[in-house]
Structures are given as C-alpha cells and as structure tokens.
Amino acid sequence: MTCRTLVAAVLGAATAAVLALPAVANASPDDTRTPLTVTREKGHVLACTGTGYGVDVVVDLYDNDVFGTHAAVSVRTPDGEYVRGGETGAGLFDRGRIRREFVLDSETSGTAQTVVVSGAYVRSGSPKRVHEVYDEPFGQVVTKGWNYPLRAGVTVRTMGQQVELTCGDAFAYRLTTWRPDSTAE
C-alpha cells in the first residue's frame, strides 16, 4: 500500500468535511424534506512531510470530537516502507503539544519500526470561513463553520534519526454539519 493510498483511506470523508473548499452545490440545511442530524464538531488537522538521513516521512493527524482520531504515518528508507494508518486513541493534540509513539509495519520485510512524533502548535493567522456542500449516500451534507490556521513545529524520531517536518495543512476547526438522517424512513 502506498503512502498516498494510506492517507486517502485514513482521512477520507472525515477530512473532506473540514477542508474549506468552494461549495459544490447551492444548498442549505433548509433545502431538504428529509429529517436532519446536526453535529457540532471540533478538532485538528495536521499534514506534514520531511526528509533527512535517507529517511522520508509523511505524517497526517486528524482528530474530531464526534468522529474520532485518525493517524497515517509513513517512513520510507532505501530498504523499504513502514506504514501505519487508521483510528487511534484520543490525545494526538493536547493544549498546543503533540507527542505520540506509533509502531509502523513493513509489508515487504515483516519487520516493524517505532516512530515518535512530537512538536508544538499555535494558532496563526485569521480564521477562515468554511461552507461546504457535498453528497453522501443518504443525501446532501452541509458544513459551516471556521478553520483556524496553525503554525506547527513537528519532528519524527525513528531509526536512530530525528527528522524535522514541514507542515502544509495545519488547522483547528469548529463546524456545524447538517446530514440527512440515515435512519429516517
């Protein structure tokens, strides 16, 4: 499994709900006759990469107080790639600090490596309004709220090396989401 596939599988629809993309349709929560489920969500998104000492690292962290916490971590060396992705316990983001240990598996060699992701983050810049409309199997979903840009300094320690990461997507968010109630008949 490539890192790109791993990241897409882990973050999937959850990240789509928090990214501030232009609306894909002109709808509002009032445009539906189907009962709606309203959720108020808050959390963080952090996507970082780095290279050093012959090691390429990709780290994607996501937490959502309603839908859970996910992590995708990939370490590529000349000898192979080690990956870990999926749900993880809460606590990836803790009052401006990040520190989590992951065990990554190699699909080719059958070995594992320990990775420690650590760093800090602070709000940086003006909040950005989010208004997104997209389709799910039960109907149209509307998300509104705010993304709060973050400045993050993150490192990964693995294989006896410490690799500095550069974070592209980094933000906290507060959203209200209206979803068609999938249990309504």
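User: Why is R76 called partly exposed?

Analyst: R76 has a relative accessible area of 40%, and because buried means under 20%, exposed over 50% and partly exposed in between (1.4 Å probe, protein chains only), R76 counts as partly exposed. This is a predicted model, in which local features need pLDDT of at least 70, side-chain atom pairs count only at pLDDT 80 or more, and totals for chains, interfaces and linings use all residues. Residues are numbered from 1 along each chain as its sequence is written, and side-chain values use heavy atoms, with hydrogens and water left out.

User: What makes the pair R76 and E81 a salt bridge?

Analyst: A salt bridge is a side-chain nitrogen of Lys or Arg within 4 Å of a carboxyl oxygen of Asp or Glu, and the N to O distance between R76 and E81 is 3.1 Å. E81 has a relative accessible area of 17%, so E81 is buried.

User: Which parts does the salt bridge between R179 and E41 tie together?

Analyst: The closest N and O atoms of R179 and E41 are 3.5 Å apart. R179 lies in strand 9 (residues 161–180) and E41 in strand 1 (residues 36–52), so the pair joins parts that are 138 residues apart in sequence; strands here are DSSP runs (E, at least two residues), numbered from the N terminus. E41, R179 and E136 are linked in a network of salt bridges.

User: Why are R179 and E41 called buried?

Analyst: R179 is buried because its relative accessible area is 15%, and E41 is buried because its relative accessibility is 2%.

Definitions and conventions
Helices (H or I, at least four residues) and strands (E, at least two) are DSSP runs, numbered from the N terminus.
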